[in-house]
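Subject: Structure for your attention

Dear colleague,

Please find below the structure that I am handing over to you. A summary of what was found follows it.

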Amino acid sequence: MASNRSIAGWPKGSAGASYGGKMGSAPPLTIERTINLYPLTNYTFGTKEPLYEKDSSVPARFQRMRDDFEKIGMRRSVEGVLIVHEHSLPHVLLLQLGTTFFKLPGGELNPGEDEVEGLKRLLTETLGRQDGGPMEWVIEDTIGNWWRPNFEPPQYPYTPAHITKPKEHKRLFLVQLPEKALFAVPRNYKLVAAPLFELYDNSAGYGPIISSLPQTLSRFNFLYN
């Protein structure tokens with residue numbers, strides 16, 4: 001005779017997972033994710049040759065994206081979120097070009113390039129030492145995914161329902177900085193440390209991706225060394 005017992009869970013009819021490890025194979029729940037932050041004064045900043053964008057204008061950038069899309073498909077890009085602190089207030093390191101343009105260090109991946117290795121390459125190209133000394137980049141965690149649905153500036157933290165072929169996927173990674181380091185900044189950029197309270201809800205000043213970092217980073221527990 002069939003049992004009339006109902007089986008709880010989602011999807012309907014599935015058994016619920018047990019965090020005790022007896023009924024399911026779910027990984028242990030991480031309640032607290034700790035990241036070490038070190039003072040901005042621990043880091044030394046030099047300069048090196050200018051690093052120019054591949055495109056001379058915004059229209060040229062989207063035309064190259066369109067051309068590349070026809071050849072190799074969706075563009076993949078990665079950016080690193082590097083955090084320091086001043087007086088126990090978290091600051092994100094940003095590259096400033098001119099007076100109003102800010103960006104995270106990173107860029108486009110080569111076709112078939114691994115995301116983490118590609119980010120390390122791009123961080124070294126952007127902030128690596130003048131003498132070519134090794135840089136130990138520790139990539140901690142993925143903290144965001146953004147999609148560009150069209151050959152236009154808007155990007156979203158989701159793929160819009162009517163978009164089947166987004167034109168770019170950008171992944172953000174948290175980078176654990178060492179206790180001390182030497183960075184070399186291209187001469188045409190300034191490296192600025194922006195406090196989270198300055199970024200929060202400030203899309204007009206920093207754009208939607210950077211201004212969303214305070215919410216994105218709130219799941220981490222920062223240790224101020």
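Helices (H or I, at least four residues) and strands (E, at least two) are DSSP runs, numbered from the N terminus.

Please note that this is a predicted model, in which local features need pLDDT of at least 70 and side-chain atom pairs count only at pLDDT 80 or more, while totals for chains, interfaces and linings use all residues. Residues are numbered from 1 along each chain as its sequence is written, and side-chain values use heavy atoms, with hydrogens and water left out.

To continue with α1, this helix covers residues 58–72, 15 residues in total, and spans 21 Å from its first C-alpha to its last. That is close to the expected 21 Å, which is 1.5 Å times one less than the number of residues. Phe62, Arg64 and Met65 are the buried residues of α1. Viewed down the helix axis, they fall within an arc of 155° (taken from the directions from the axis to the C-beta atoms), so they line one face of α1. These buried residues pack against β3 (75–86), β6 (106–108), β7 (138–148) and β8 (168–176); contact means heavy atoms within 4.5 Å. Just after α1, Gly73 has a positive phi of about 90°.

As for the whole protein, there are five helices and eleven strands. Of its 225 residues, 40% count as buried. Where contacts join residues at least 6 apart in sequence, 72% of them join residues at least 24 apart.

Finally, the search of the whole structure gave six aromatic pairs, that is, rings of Phe, Tyr and Trp (its six-membered ring) with centres within 6.5 Å. One of these, Phe45 with Phe183, is stacked (planes under 30 degrees apart), at 5.8 Å centre to centre and 25° between the planes. The pair connects distant parts of the chain, with Phe45 in strand β2 (residues 43–48) and Phe183 in strand β9 (residues 181–186), 138 residues apart. Phe45 is partly exposed, at 36% relative accessible area, whereas Phe183 is buried, at 1%. Together with Tyr43 and Trp137, Phe45 and Phe183 form one aromatic cluster.

Note on methods. Buried means under 20% relative accessible area, exposed over 50%, partly exposed in between (1.4 Å probe, protein chains only). Rings of Phe, Tyr and Trp (its six-membered ring) pair if their centres lie within 6.5 Å; planes under 30 degrees apart count as stacked, over 60 as edge-to-face and the rest as tilted.
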